Amino acid sequence: MEELKATPLRTDHENLKALMAPFGGWLMPIQYSGIIAEHKWCRERAALFDICHMGEFIFKGDMEGVFTFSVSSIPVGRSRYGFLLNDVGGVIDDLIVFRLAEDEAMIVVNAATTDNDFAVIRSRLKNPAALTDISARTGKVDLQGPLSREIMVQHFGAAIQGIPFFKFIKTSILGSDAIVSRTGYTGELGYEIFLPADKVAELWRLLLQDPRVAPAGLGARDLLRLEMGYSLYGNDLDEQITPITAGLSTFVNMNKEFVGKAALEREVEQGSQRMKVAFKVDSRRAPRHFYQILLQDQEVGVVTSGAFSPMLSCGIGLGLVKPEAAALGTRLTIRHEKVEMEAQVVELPFYTGGSLRS
Amino acid sequence: MAKFYTKEHEWVEMAGAQATVGISEHAAHELGDITYVELPKIGKSVKQFEALAAIESVKAASDIYAPVSGKVAAVNQALDEAPELVNQGAEFQGWICKLEGVTEAELGALMDAAAYDEYLKGL
């Protein structure tokens with residue numbers, strides 16, 4: 001097995017007595033004080049996440065046709081979520097592109113997919129040399145929660161006060177060039193902060209000195225994202241799942257050319273074989289990845305993500321099912337060996353009380 | 001009477017022909033935040049080491065096995081609404097159920113507290 005990579009914060013996590021585990025080829029903190037306590041802290045105050053494992057690329061020049069949206073149509077200072085597809089429309093990765101300047105963008109990708117993404121994107125560029133992988137020298141931490149704006153403004157300046165959702169600013173943090181982006185993966189008001197990898201520990205320690213801030217691990221992050229219905233690559237999205245199947249066609253611009261478009265057009269025309277559903281369990285029982293989904297005792301699909309939701313006090317999940325099982329209100333059974341739970345198809349997000357757009 | 005433990009990390013404490021059953025502090029800590037306990041039905045009869053109940057945490061779902069044979073006489077109903085009681089005191093307020101018709105002879109197949117501590121060190 002390949003050796004696990006460590007972020008610049010590894011010893012900080014160990015000093016905080018974090019439970020560490022492999023994720024996407026990295027040794028990452030899963031929890032510190034406890035997953036539910038960290039989840040609650042993020043929903044009520046401000047939680048700090050080590051996200052240094054994610055990949056970042058910089059490119060200069062023309063990048064049309066690579067992703068499911070047009071990079072040149074993103075205004076400078078804004079970012080956009082979308083996909084890198086294979087030629088049958090399957091998702092190679094979900095990612096965010098930040099338009100840094102007229103001729104420059106940063107692409108932020110998942111950790112486990114970083115190397116493959118880099119190779120695929122390069123192969124699609126007219127000028128492959130214009131793409132640089134800056135993952136190793138780039139650090140990233142996320143501060144997420146209703147108090148995150150006042151904390152960021154107090155520590156790093158008033159320019160952060162007015163950043164709207166999916167916009168970012170280039171600024172200076174601890175004497176280094178940094179990007180502060182109003183994005184996240186929690187459903188709360190929050191920021192993703194990019195800065196040089198060798199400055200991350202200093203930023204982490206500074207923010208943790210603030211009594212309003214507590215560290216949160218990937219366990220809490222997974223609950224927070226699932227309560228919003230956000231997809232997790234590797235669970236809810238993969239190379240066999242298209243954005244249409246996954247219910248994410250909003251992030252696909254069918255008026256532009258891109259790799260995989262013909263397959264998506266066919267799927268739209270012929271109808272999807274499988275569709276994403278969100279469902280709530282009638283009890284506190286948690287559905288889990290790969291549990292079967294049944295409609296009137298017939299197997300119709302599989303759970304792709306599931307957990308107990310602390311905000312809703314019941315099990316919640318995402319799954320892929322045959323279209324006849326996908327209508328809102330449909331009663332489903334979730335089964336795994338002798339465990340069985342009743343559930344109902346609901347709208348996303350599961351949790352609507354977040355400070356995301358406040 | 002003292003508590004006895006199984007290799008699967010249940011505990012049992014006998015008082016006459018009745019026994020209280022739960023999971024060990026160690027098991028509760030390993031599971032992390034407990035979010036659901038499937039309590040057994042009152043009147044259900046179980047043999048020693050058969051599946052008795054089920055427990056779920058934010059990380060995993062597992063079965064709870066009967067440390068001794070018996071018939072379920074009472075369940076800790078408080079766990080329906082507050083399964084976190086198991087995290088707060090797995091060997092106290094977080095008990096799972098009470099069994100009746102139990103026999104002390106079956107304790108011979110279990111570990112006392114000192115032997116269980118030794119067993120945990122070897123894991």
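Helices (H or I, at least four residues) and strands (E, at least two) are DSSP runs, numbered from the N terminus. This is a predicted model, in which local features need pLDDT of at least 70, side-chain atom pairs count only at pLDDT 80 or more, and totals for chains, interfaces and linings use all residues. Residues are numbered from 1 along each chain as its sequence is written, while chains are lettered from A and ligands numbered from 1 in the order in which they are written.

**Domains of chain A**

- Chain A is divided into domain 1 (5-51 + 137-228), domain 2 (55-133) and domain 3 (273-346). These bounds come from an automatic or database domain assignment.
- Between domain 2 and domain 3 of chain A, the C-alpha centres lie 33 Å apart.
- An unreviewed UniProt entry lists "domain: GCVT N-terminal" for residues 12-256 of chain A. UniProt positions are given in the numbering used here, feature names are shortened, and annotations may be inferred rather than shown by experiment.
- Residues 12-256 of chain A are 22% helix and 32% strand.
- Residues 277-351 of chain A are 0% helix and 57% strand. Here the end C-alpha atoms are 15 Å apart.

**Helix 5 of chain A**

- Helix 5 spans residues 200-208 of chain A, and Val200(A), Leu203(A), Trp204(A) and Leu207(A) in it are buried. A residue is buried if 20 or more other C-beta atoms lie within 10 Å of its own, exposed if 12 or fewer, and partly exposed in between; C-beta atoms are placed from the backbone.
- Seen down the axis of helix 5 of chain A, its buried residues fall within an arc of 100 degrees, so they line one face of the helix. The arc is that of the directions from the helix axis to the C-beta atoms.
- The cover over these buried residues includes helix 1 (10-15) and strand 4 (46-50) of chain A. It also includes strand 10 (138-144), strand 11 (168-173), strand 13 (190-196) and strand 14 (213-215) of chain A.

**Thr68(A)**

- Thr68(A) sits in the loop between strand 5 (55-60) and strand 6 (79-85) of chain A.
- Thr68(A) counts as buried because it has 27 C-beta neighbours inside 10 Å.
- Leaving out residues up to four places away in sequence, Thr68(A) touches Gly82(A), Phe83(A), Leu85(A), Pro243(A), Phe251(A), Val252(A), Asn253(A) and Phe258(A). Contact means that the C-beta atoms of two residues, placed from the backbone, lie within 7 Å.
- From Thr68(A) to His155(A) is 87 residues in sequence and 37 Å in space, C-alpha to C-alpha.

**Backbone points to check by eye**

- Most residues other than glycine have a negative phi, and most peptide bonds are trans.
- Phe166(A) has a positive phi, near 65 degrees. Phe166(A) lies in the loop between helix 4 (148-156) and strand 11 of chain A. It is partly exposed, with 15 other C-beta atoms within 10 Å.
- Glu337(A) has a positive phi too, near 50 degrees. Glu337(A) lies in the loop between strand 19 (331-336) and strand 20 of chain A. It is exposed, with 8 other C-beta atoms within 10 Å.
- The peptide bond from Leu348(A) to Pro349(A) is cis, with omega near 0 degrees. Pro349(A) is in the segment after strand 20 (339-346) of chain A.

**Chain B**

- "Domain: Lipoyl-binding" is the UniProt annotation (unreviewed entry) for residues 18-100 of chain B.
- Residues 18-100 of chain B are 18% helix and 42% strand, with end C-alpha atoms 4 Å apart.
- Strand 3 (residues 18-23) and strand 9 (residues 97-100) of chain B pair antiparallel over four bridges. Two strands pair if DSSP finds at least two bridges between them. The bridge partner of Gln18(B) in strand 9 is Glu100(B).
- Strand 8 (residues 70-75) of chain B also pairs antiparallel with strand 9, over four bridges. Val75(B) stands opposite Cys97(B) in strand 9 of chain B.
- Strand 5 (residues 45-46) of chain B runs antiparallel to strand 8, joined by two bridges. Val46(B) stands opposite Gly70(B) in strand 8 of chain B.

**Contact between the chains**

- Seven residues of chain B are in contact with twelve residues of chain A.
- On the side of chain B that touches chain A, three residues are nonpolar, two polar and two charged. Ala, Val, Leu, Ile, Met, Phe, Trp, Tyr, Cys and Pro count as nonpolar, Asp, Glu, Lys and Arg as charged, and the others, Gly among them, as polar.
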